[in-house]
Amino acid sequence: PPAMSRRVVRQSKFRHVFGQPVKADQMYEDIRVSKVTCDSSFCAVNPKFVAIIVESGGGGAFIVLPLAKTGRVDKNHPLVTGHTAPVLDIDWCPHNDNVIASASEDTTVMVWQIPDYVPVRNITEPVVTLEGHSKRVSIISWHPTARNVLLSAGCDNLVILWNVGTGEMLLALDDMHTDLIYNVGWNRNGSLLVTTCKDKKVRVIDPRKQQIIAEKTKPHDGTRPIRAIFVADGKIFTTGFSRMSERQLGLWDLNNFEEPIALQEMDTSNGVLLPFYDADSSIVYLCGKGDSSIRYFEITDEAPYVHYLNTYSSKEPQRGMGFMPKRGLDVSKCEIARFFKLHERKCEPIVMTVPRKSDLFQDDLYPDTPGPEPALEADEWLSGKDADPILISLRDGYVPIKNRELKVVKKNILDSKPPPGPRRRHSTCDSDFSQPALEEVLEEIRALKETVQAQEKRISDLENKLGQFTNGTD
């Protein structure tokens, strides 16, 4: 009988995930979001801060707000302003919630230490500046498990891996991409990269062997940009366009790149789809730049492998999107994702929730998740070691830890021998400035800096107290 052929509804605890914007007073208002045209997400968030690339005259800047500082942003709120041209991408360090990296049109990558208090003035001094690209740098991404390893990709078709703790270049992948790189993603333990490129290829790269271990030409036939990310079990998820300019998503197996496991058409909008993946729930969220919706899909091992769950729709298009790491979510409300949607003048958090009746900790929704401790040091990783993320339980929620300084220990130039060949004219610097004298001066500068920082914190605390005092009397 025909009744038998009715599709059995697939069982999934995520079938009813729904998205909701926060209340109006929980948004961040009066932010001049950058108008630079590039397909970056313009926003980076962690359990302490939301950072947003903003418009800035002449140079490049981004704003960093403590998560709790919702409402109107003071027009004099300090910015992070060290770049001499627009900032194109920002990324929080996964192992230190007070450290953020920025990539810029000025060809540099800068790494910043953000204090837990709101500073009084703009932050203009990065902890370290990484110079190695010859054109603008549009992509940065921290290594998921190794301390201080940062990747950057530029319009010079070059991918560079840095050790931020020494300011040194670890690896340069220079002969792999014949054209502009669209995006770069790490796998879960940071042993492999996946990249997409204007030459219409998706490449899987072993960065330490400097080898392309798999590639696929034209996973999507259209000419517009492709994105690719690793999902569970080393599979690769892509978004792109069909020959008829329909948006598509694809799922691929690394060991057989020829045929897709799944290929689905979606719609004819022309915004590039930014994929955000949550490994704990195997859900991919697709946020189209310029779209007003977020579509989400569950990836499983049974056909059709990529299962449409739902769409969060709104009226306003998104200029960019931040995605909160799992440890920054409210487990007591069964929140499984939180997006930070950028409008022209504000940032609106959107909460994705699994409806549950119980108030108890839902351990099926919250398996142990990557915590803030790195599993490897940079040199261990470089020498060939791999390690999965160190996991933490969210049973009692996650409390961010206090500010930890990022220490950059540059290799001491004075330790290295002078270059061979004719000796330069003996410079006065060598004779007048003995090593101990130099150390003393540096020590003094460090002490002065600490004093200034302490004063700034004191001023900031006093201002906050004064603010509470005056607000109380209104």
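Predicted model: local features only at pLDDT ≥ 70, side-chain atom pairs only at ≥ 80, totals over all residues.

Strand β11, residues 128–131, has V128 and L130 on a covered face and T129 and E131 on an uncovered one. In a regular strand the side chains alternate between the two faces of the sheet. Strands here are DSSP runs of E with at least two residues, helices are runs of H or I with at least four, and both are numbered from the N terminus. β11 runs antiparallel to strand β10, residues 108–113, and four bridges join them. Two strands pair if DSSP finds at least two bridges between them.

Residues are numbered from 1 along each chain as its sequence is written, and side-chain values use heavy atoms, without hydrogens and water.

Next, R208, in the loop between β18 (201–206) and β19 (211–217). Is R208 buried or exposed? R208 is buried, because its relative accessible area is 18%; buried means under 20%, exposed over 50%, and partly exposed in between, with a 1.4 Å probe and protein chains only. Leaving aside residues up to four places away in sequence, R208 touches L171, S191, W381, L382, G384, K385 and D386, where contact means heavy atoms within 4.5 Å. Its side chain also reaches the backbone oxygen of K385 at 2.9 Å.

Last, I445 sits in helix α3, residues 435–473. I445 is partly exposed, with a relative accessible area of 42%.

Technical notes: Polar contact = N/O pair within 3.5 Å; in protein donor to acceptor, adjacent residues only side chain to side chain.
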